[in-house]
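Subject: Structure handover

Hello,

I am passing this structure on to you. Please open it first, then read the notes below.

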Amino acid sequence: MQSAKSKCNLTEQENGFFDDSLEKDAYIWYEENWQHDDYEHLHQRAQLTFVKEGYQYFHINDKIYLVPQNHVIWVPSLQKHKITSEAETVKLMVSLFKNIPEDYFYSQIHVFPAPPVLKEMILYAKKWNKETAENDEQETFMNALLISLPHFCDENNALQIPLPSDKRLLEVCQLINQNYQHNHSIEELAEIANLSTRSLQRIFKQETGISVKKYVQLIKILKSIELIDGNQFTLSEIAYKVGYKSLSAFTSSYQAIMNKKPKISKKNIF
């Protein structure tokens, strides 16, 4: 007997595994106001998610991927994941693909901004939202989109948040994540982990690949992206809210992580 739970119009088979009996290669699911249930799941179809408005966190294996507005994430098939967000409004466009090209690109997770051409293609596909009948135009169009993805990918690994497995470090990360507006000293963080400052720095780098200082900077900048997407504050206000004492310090830090300067832009009106 199948569970009543469903995701992307897929029905749960067992233990968080979702599958469907559709014959069509690509299935489109668009939602104006995404509702989160913090439920880990996986499915046979590979998934391309475009964040039209708001932002989205994907929790996959030992990392958390931030997908800001106007970005896409590619999730390979049978990759267990869950999604979270604290944005007031989240508009997502999900494309689920049954047949995937035999290329290394499609076996990996990718997060990257959607250039204008890709964005137009994704939004055009909304015309087939939740359609289950086979459609020759849709099949040809979505196959072209799928094959083009590697050429659109301009990935920024800064959007990936590494998670340590050591419980002592998880407490440190939790404090940083929940109090990102504060600038905690390395001594304070080491005390929480019950480690010396030297041991904390060494183990943290081994577990995550980055230093404690870099992790703090990363969290601040990712939180600033959430606020920038919200279009409710100026850059100076955002800099203060995430713990920077000046706009210039924030801009310098943002550019070091994102390879571009922060910018407030008008909401997309598509």
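How much space lies in the largest pocket? About 680 Å³. Before the details, two notes on the source. This is a predicted model: local features need pLDDT of at least 70, side-chain atom pairs count only at pLDDT 80 or more, and totals for chains, interfaces and linings use all residues. Residues are numbered from 1 along each chain as its sequence is written, and side-chain values use heavy atoms, with hydrogens and water left out.

**The chain**

The protein chain has eight helices and 13 strands. Helices (H or I, at least four residues) and strands (E, at least two) are DSSP runs, numbered from the N terminus. Of the 270 residues in the chain, 49% are buried. Buried means under 20% relative accessible area, exposed means over 50%, and partly exposed is in between (1.4 Å probe, protein chains only). Take the contacts with a separation of 6 or more: 71% of them come from residues 24 or more positions apart. Contact means heavy atoms within 4.5 Å.

**The largest pocket**

On a 1 Å grid over the protein atoms alone, a pocket is an open set of points where a 1.4 Å probe fits, with protein on both sides within 12 Å along at least five of seven lines; lining residues have an atom within 4 Å of a point. Grid points are joined across faces, edges and corners, and a volume is the space filled by probe spheres set on the points.

The lining of the largest pocket has 26 residues. Tyr55, Ser85, Glu86, Ala87 and Glu226 lie nearest the centre. Helix α6 gives the largest share of this lining, eight residues. Strand β7 (56-60) also supplies at least two. By class, the lining has 11 nonpolar, eight polar and seven charged residues. Here Ala, Val, Leu, Ile, Met, Phe, Trp, Tyr, Cys and Pro count as nonpolar, Asp, Glu, Lys and Arg as charged, and the others, Gly among them, as polar. Domain 1 (6-155) and domain 2 (167-258) each give at least three residues to the lining. The domain bounds come from an automatic or database domain assignment.

**The second largest pocket**

This one holds about 470 Å³. Its lining has 19 residues, with Gln69, His71, Asp229, Lys260 and Ser265 nearest the centre. Helix α6 gives the most, three residues. Nine lining residues are nonpolar, five polar and five charged. Where does this pocket lie? It lies between domain 1 (6-155) and domain 2 (167-258), because both give residues to its lining.

**The cores**

A nonpolar core is a set of buried Ala, Val, Leu, Ile, Met, Phe, Trp, Tyr and Cys residues joined through side-chain atoms within 4.5 Å. The largest one has 52 residues. Phe58, Ile73, Leu200, Tyr215, Leu222, Phe250 and Met258 touch the most other members. Helix α6 (residues 212-230) gives the most to this core, with 10 residues. Domain 1 and domain 2 each provide at least three residues of the core.

Back in the largest core, look at Leu200. Leaving aside neighbours within four places in sequence, Leu200 is in contact with Leu169, Val172, Ile186, Leu189, Ala190, Ala193, Leu195 and Val212.

Helix α1 (residues 116-124) has Leu118, Lys119, Met121, Ile122 and Leu123 buried. Their cover includes β6 (46-53), β9 (71-75), β11 (91-97), β12 (110-113) and α2.

Asn143 lies in helix α2 (residues 136-152). Asn143 counts as partly exposed because its relative accessibility is 40%. Asn143 and Ala26 are 117 residues apart in sequence, yet 8.1 Å apart in space, C-alpha to C-alpha.

Lys223 sits in helix α6. Is Lys223 buried or exposed? Lys223 counts as buried, because its relative accessibility is 17%. Not counting residues up to four places away in sequence, Lys223 touches Tyr57, Asn177, Tyr180 and Val242.

Gln255 is in helix α8. At 36% relative accessibility, Gln255 counts as partly exposed. Beyond its neighbours within four places in sequence, Gln255 is in contact with Lys260 and Lys261.

Best wishes
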